[in-house]
Amino acid sequence: MMKNNKKYKVYQKRIAYTICLVLLVVSFMSCSHGKGLWAKYERPDSLLHATATSSALRDAAAIEGNDSAGFGDVEWQEVFTDPQLRALIEKGLEQNVDIFAASANVQKMEAALKAARLAFLPQVTFSPSGTLAKILTGDKRGDWNKSYALPVSASWTIDLFGSILAAKRGAEVQLAMMKDYKHVTRSKVICGIANCYYTLLMLDRQLEILTDMEMLTAETYRMMKLQKELRNTKETAVVSAEASNLSVKAQIVDMKRQIKEVENTLSTLVGMHAQSISRGKLSDQNLPEGFSAGIALNVLSARPDVHAAEMELANCFYDVKKAQSAFYPSLKITGTGSFTNSMGNTVANPGFFIANFVAGLTQPIFMNGRLTAQLKVAKLSYEVAEKEWQQSILEAGAEVSDCLVEYNTSKEKGELDRQQVEALRKSVDYTIMLYKMGSSSYLEVISAQSSLLNAEISQVTDDFNKMQAVVNLYSALGGGKE
């Protein structure tokens, strides 16, 4: 009984010493460098003053209407109303490999964050063991000595200088970064499917124009041959008309090839085997119109890829904190409790309970320059990440500006194309009529038809460019909410 009391007092003293040591180090920490090492990431003020609302965005010609900034938060179903396009996007979100990989990366970072949070808790292990021994001396046979031990060990690293906290915060921003990348991937898939779909509609419309023009050039060719038979025109007119008709036929063949290639690209993007795509018509599409210029910095900063760049900056900030904390002491407390019948070289039954507590303080003194190098690398990585984040905001602003300019330019040019097409259609009709009357040459007829074809193709291209600018602007402003 006396022995047990003495052991209990020894354990009490050890625990008291450990507590005093912890309090001493924590006090030292709070009085010196604790605040800096435990600091939380804050957005650099220098960037906020250096990059105000982009003048390029303010100067982009845009009509009054929808708020461009709010357009990036609209659900994709409200932007893309074509039911066949919606079905393709939904299938792409379910089957696209890139989205699956991005989701897996988010889940991996969630597991890493959970592990980082549990690092604050002690580690506990249980390692039971047993021994069976027998001593043989000459012809005598001794008894078997049976010993066992049921130890439970615990170790706890005290986060004196914020190393574990910095690792946990770093895991948090990395998780946010992976979520941003997933959103970026999702937005790219949605807008990529939409652009391919609208490209198909554009090619379909151009194919219709070429088909109509092929019929017109064929009729011109037929008319030239008839005029030659009546000796009212030369052979060169017939040959030129035939060449014009063959040229349009060749363009039709090339257009069909382009349509098949875009269908294959869209099938791959959706996650299907190459196949024909069911689709509507270009004239039936109804996309949002009218966007105001002037995008605030906070809107660009919230864009997923820009926010991911800032999260990388925050991660580098916490890497610096971890590198700084490595210069300071680390405190580790270990404790072991064991139920055993082995007391040194003596085996006793029944068993005894043995407890042991140890506190160790480790202060780096000379580490071959490794800690200094790690800190320098961490600081340089932070500086690079800050520059990359600033560049991402500038690029985002330029991208939005390009989309606004493309939208308004295509809209204005498309209206001029429509007027030109109307005029050229009249020109073709008048030229053919004059040719039949003998007041115009065959070259004027072929030239008028060629001009009309180019103008109609240009009109469709400009309409498509305007639609593509809307899709790209949607993506540039964030690509909607997930």
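F317 counts as buried, its relative accessibility being 15%, where buried stands for under 20% relative accessible area, exposed for over 50% and partly exposed for what lies in between, as found with a 1.4 Å probe on protein chains only. This residue belongs to a predicted model, in which local features need pLDDT of at least 70 and side-chain atom pairs count only at pLDDT 80 or more, while totals for chains, interfaces and linings use all residues. Residues are numbered from 1 along each chain as its sequence is written, and side-chain values rest on heavy atoms, with hydrogens and water left out.

With Y318, F317 forms an edge-to-face aromatic pair, at 5.3 Å from centre to centre and with 75° between the planes; rings of Phe, Tyr and Trp (for Trp, its six-membered ring) pair if their centres lie within 6.5 Å, and planes under 30 degrees apart count as stacked, over 60 as edge-to-face and the rest as tilted. Both F317 and Y318 are buried. The structure holds seven aromatic pairs. In one of them, the ring centres of Y41 and F317 are 6.0 Å apart and the planes stand at 70°, so this pair is edge-to-face. Because Y41 lies in the loop between α2 and α3 and F317 in helix α12, the pair ties together parts that are 276 residues apart in sequence; helices (H or I, at least four residues) and strands (E, at least two) are DSSP runs, numbered from the N terminus. Y41 is buried, with a relative accessible area of 15%, and Y41, F317, Y318 and Y382 form one aromatic cluster.

Charged pairs were examined next. Side chains of opposite charge can pair when their charged atoms come close. A search of the whole structure finds 19 salt bridges, each defined as a side-chain nitrogen of Lys or Arg within 4 Å of a carboxyl oxygen of Asp or Glu. One of them joins R43 and E310, whose closest N and O atoms are 2.8 Å apart. R43 is partly exposed, at 32% relative accessibility, whereas E310 is buried, with a relative accessible area of 4%.

Another salt bridge is formed by the side chains of E214 and K249, at 3.9 Å from N to O. This pair links distant parts of the chain, with E214 in helix α9 (residues 163–229) and K249 in helix α10 (residues 235–270), 35 residues apart. E214 is buried at 17% relative accessibility, while K249 is partly exposed, with a relative accessible area of 39%.

The side chains of E399 and R303 also meet in a salt bridge, at 3.3 Å from N to O. Since E399 lies in helix α13 (residues 370–437) and R303 in the loop between α11 (297–301) and α12, the pair ties together parts that are 96 residues apart in sequence. E399 is partly exposed, with a relative accessible area of 32%, but R303 is buried, with a relative accessible area of 6%. Elsewhere, salt bridges that share partners join R117, K168 and E172 into one network.

When neighbours within four places in sequence are left aside, R303 is in contact (heavy atoms within 4.5 Å) with A396, E399, A476, L477 and G478.

The nonpolar interior was then considered. In soluble globular proteins, nonpolar side chains tend to be buried together. The largest nonpolar core has 96 residues, of which F80 and Y198 touch the most other members; such a core is a set of buried Ala, Val, Leu, Ile, Met, Phe, Trp, Tyr and Cys residues joined through side-chain atoms within 4.5 Å. At least two residues of this core come from each of α6 (76–79), α7 (83–95), α8 (97–118), α9, α10, α12, α13 and α14 (442–476), and α9 gives the most, with 25 residues. Not counting residues up to four places away in sequence, Y198 touches F80, L85, Q285, L287, F464, M467 and V471. A second, separate core of six residues includes L160, F161, L331 and I333.
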